[in-house]
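Hi,

Here is the structure I promised to pass on. Have a look at it first, and then read on for what turned up.

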Amino acid sequence: MISLLIFTLTLLTSPGYSTYVWPNHLYDELEHLLVDQEGFNNGADFKRAITPCTYYVNGNQTLGRMTAAQWLRTAFHDFATADVAAGTGGMDASIGWETDRPENVGSAFNDSLSFFAPFVTTLADLIALSVVTSVGVCSSPNIHIPLRGGRVDASEGGTFGVPEPETDIQTTLNQFAQAGFNQQDAIGLTACGHTLGNVHHAGFPQVVGPEAVTPNNTGGGVHFDSTVDVFDVLVVNEYLAGNGQRGGPLVTSDNVTVRSDLRLYTSDNNITMEGLSDSQEHFVSECVSLFARMLDTVPNSTTLSDVIIPLELKPVNITLDFVEDETGFHTVFAGYIRNTRAPAFLATLSFMSSNTTIDPTLGISSFDVNVEDSTGESGSTVRYPIQDRVFVMKSRSTVDDEGRAEVTAAVLSSPTTDVSSVTAVFSFPTPQIGTMSPSIESLSLSLMLSNSSVVSDLGYIMFTTSTQLPLSISNAYQVTVDVIADFGDGEVTDKFRRLKI
């Protein structure tokens, strides 16, 4: 086996790395969704959904709704039913099962969950990602909240307990305390969450009167502060000064019983709000800390990953396959290296591609990226592992919009090592009654020896299978497959291969 020098990149600085080792499929997918926000290899398209920050991705702009603010509200309501003493609830996507509760009125939840549903990771991780994206896109310079992965979706609703506009102050503080947030935390998290967005007459007629409804604001939304689309301290400053929006409808409503923000802010005689008003920098620092704690509040059965750090160099869509020319069939390495300049959330990206023929007598066990400095001088070499004993053949593996799936795998043949079985494990989303969140189901199928012998001269034999998956046009892109070959010396797996890109 050999290592090939596949890419040469020019960087301004030497690449830095965390404890991440490629490939790590949980980390890779979340990092992809976090960083690849535009252009080639666009990830979750989250940025488009909230650009500009007043944009409403689910409907008519005259409704006055803001998707970015909806995402913050969805995350808070998912978190708020946590019971840290019992080790239950928190960021677990249980909100999907809870949208018919009086404490969860409004369109924000199903709007958000329907947008998240098509992507290939847990809904709970996507809800967390949406907070990071909303705050980042709606701020300048971009604010970055640390994001971890590994959340697990709940299979049922959690306990009741999200504070409502009518909830008395002691009950509100008790509910926050159950979720692990004290009085100061509760005030801060509420102020941070209410620097974006509105309260709508359509969802809260007891808070906002019909006079707020206009032809260009048919939902009757009233802002929390005068910079509705900017994540800033103005919501605090206007509240304390009594000018502008004065903290929003949950402070100023004519209906005294629904002034829940006012009751909360004044519960410590405005000490916390006055502290938050110190500066924009201080407000941002406190909000980042509070949001990170909220996102990391998970059931005690869940183990979160390290913080997802945008990678400066990252292999993308790396594949092995066979191509034919006038001389016959060849093993080909193909893929991209993503270069994230000044690696950060919403960074500038560039990609370098490769399509390289592999000598079948040598094979491949890794590939190298040679890093040059800005003068062209060769610097460090980064090596990435790859195995060629079994791989999904991209050219012969697919799934269509009706769920018809075919997989062909190439398995390296050896006189001393026989393969006893080859198995494909399909993972695909299945709708669930009672929630917008799909469950991820698995189907294992044995691959049969293919009649084709086109690659036998290269030392490979092919195995194939086909099946009908219960899919719709909206989720064929979510299908992944693992192919596992059982050799005499152990199993070898080609993991997390998308069948439609």
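Which residues do ring pairs link into a cluster? Phe46, Trp71, Phe115, Phe116 and Phe119. Bear in mind that this is a predicted model.

Staying with the rings for a moment: there are 19 aromatic pairs in the structure. In one of them, phenylalanine 46 and tryptophan 71 sit 5.1 Å apart, centre to centre, with 50° between the planes, and the pair is tilted. Phenylalanine 46 belongs to helix 2 (residues 46–49) and tryptophan 71 to helix 3 (residues 67–79), so this pair ties together parts that are 25 residues apart in sequence. Phenylalanine 46 is buried, at 0% relative accessible area, and tryptophan 71 is buried too, at 1%.

Phenylalanine 46 has another ring partner, phenylalanine 115: the centres are 5.6 Å apart and the planes are at 75°, which is over 60 degrees, so this pair is edge-to-face. It links distant parts of the chain, since phenylalanine 115 is in helix 4 (residues 108–116), 69 residues away from phenylalanine 46 in helix 2. With 12% relative accessible area, phenylalanine 115 is buried as well.

Next, a helix pair. How do helix 7 and helix 12 lie relative to each other? The axes of helix 7 (residues 183–193) and helix 12 (residues 280–295) cross at roughly 105° and come within 9 Å. That angle falls in the 65 to 115 range, so the two helices are roughly perpendicular. On the helix 7 side the contact involves Asp185, Gly188, Leu189, Ala191, Cys192 and Gly193, and they meet Phe283, Cys287, Leu290, Phe291, Arg293 and Met294 of helix 12. By type, the residues of this contact come to 8 nonpolar, 2 polar and 2 charged.

Then the strands. Strand 15 (residues 460–468) runs antiparallel to strand 11 (residues 404–412), and 9 bridges join them; alanine 410 has methionine 462 as its bridge partner there. Strand 15 also pairs with strand 14 (residues 448–449), again in the antiparallel sense, over 2 bridges. In that pairing, methionine 448 stands opposite threonine 464.

Last, valine 492, which is in strand 17 (residues 490–498). Its relative accessibility is 14%, so valine 492 counts as buried. Leaving aside residues up to four places away in sequence, valine 492 touches Gln387, Arg389, Val390, Val483, Ile484, Ala485 and Phe487. Aspartate 388 is 104 residues from valine 492 in sequence, yet their C-alpha atoms are 9.6 Å apart in space.

Cheers

Definitions and conventions:
Residues numbered from 1 in each chain as written. Predicted model: local features only at pLDDT ≥ 70, side-chain atom pairs only at ≥ 80, totals over all residues. Heavy atoms only, no water. Helix = DSSP H or I, 4+ residues; strand = E, 2+ residues; numbered from the N terminus. Buried < 20%, exposed > 50% of the residue type's maximum accessible area, 1.4 Å probe, protein only. Contact = heavy atoms within 4.5 Å. Pairing = 2+ DSSP bridges. Axes fitted to C-alpha atoms, helices over the stretch in contact; angles between N-to-C directions. Parallel < 35°, antiparallel > 145°, perpendicular 65-115°, else oblique. Nonpolar A, V, L, I, M, F, W, Y, C, P; charged D, E, K, R; others polar. Phe/Tyr/Trp six-rings, centres within 6.5 Å; stacked < 30°, edge-to-face > 60°.
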